[in-house]
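Please keep the sequence and the model in view while reading.

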Amino acid sequence: MSANATKSAPAKPASVGAPIQVRYIQLLVVGNPKKPGSASATRFGLYVHGMSTSAYQEAVTKAGQPKRLAAADLLWDVRHGFISLHATSAQVGAAPKAKAS
């Protein structure tokens with residue numbers, strides 16, 4: 001960068017109360033990878049391929065679990081390769097198929 005070049009200002013963080021961007025869930029695994037009988041397995045079972053993240057959060061709260069757990073689940077499951085999130089439902093690929101034995 002030359003001495004006369006200017007740096008662009010850093011992006012401002014989202015303000016508190018800013019709307020959360022809706023994303024769509026793509027399941028990347030067949031079956032439920034969570035420990036059977038656990039609360040996280042129950043919540044993972046609420047995922048529907050192609051559902052919005054806000055619909056997932058609503059399903060979790062209707063099941064009597066805190067909304068904050070839904071947000072934590074989404075982050076955990078993306079980081080562990082169980083799901084991916086997409087900006088539009090059109091970007092969600094086909095649901096994974098079980099391999100024939």
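## Where two helices meet

T53, Y56, Q57, V60 and T61 in α2 meet K67, A70, A71, D73 and L74 in α3; contact means heavy atoms within 4.5 Å. The residues of this contact divide into 5 nonpolar, 3 polar and 2 charged. Here Ala, Val, Leu, Ile, Met, Phe, Trp, Tyr, Cys and Pro count as nonpolar, Asp, Glu, Lys and Arg as charged, and the others, Gly among them, as polar.

The model is predicted: local features need pLDDT of at least 70 and side-chain atom pairs pLDDT 80 or more, while totals for chains, interfaces and linings use all residues. Residues are numbered from 1 along each chain as its sequence is written, and side-chain values use heavy atoms, without hydrogens and water.

## The crossing

The axes of α2 (residues 53-62) and α3 (residues 67-79) come within 8 Å and cross at roughly 135°. Axes are lines fitted to C-alpha atoms, for helices over the stretch in contact, with angles from 0 to 180 degrees between N-to-C directions. That makes α2 oblique to α3, since angles under 35 degrees count as roughly parallel, over 145 as roughly antiparallel, 65 to 115 as roughly perpendicular and the rest as oblique.

## The core

The largest nonpolar core has 11 residues, including Y56, V60, A70 and L74. Such a core is a set of buried (under 20% relative accessible area) Ala, Val, Leu, Ile, Met, Phe, Trp, Tyr and Cys residues joined through side-chain atoms within 4.5 Å. β1 (24-27), α2 and α3 are the elements that give two or more residues to this core.

Technical notes
Helix = DSSP H or I, 4+ residues; strand = E, 2+ residues; numbered from the N terminus. Buried < 20%, exposed > 50% of the residue type's maximum accessible area, 1.4 Å probe, protein only.
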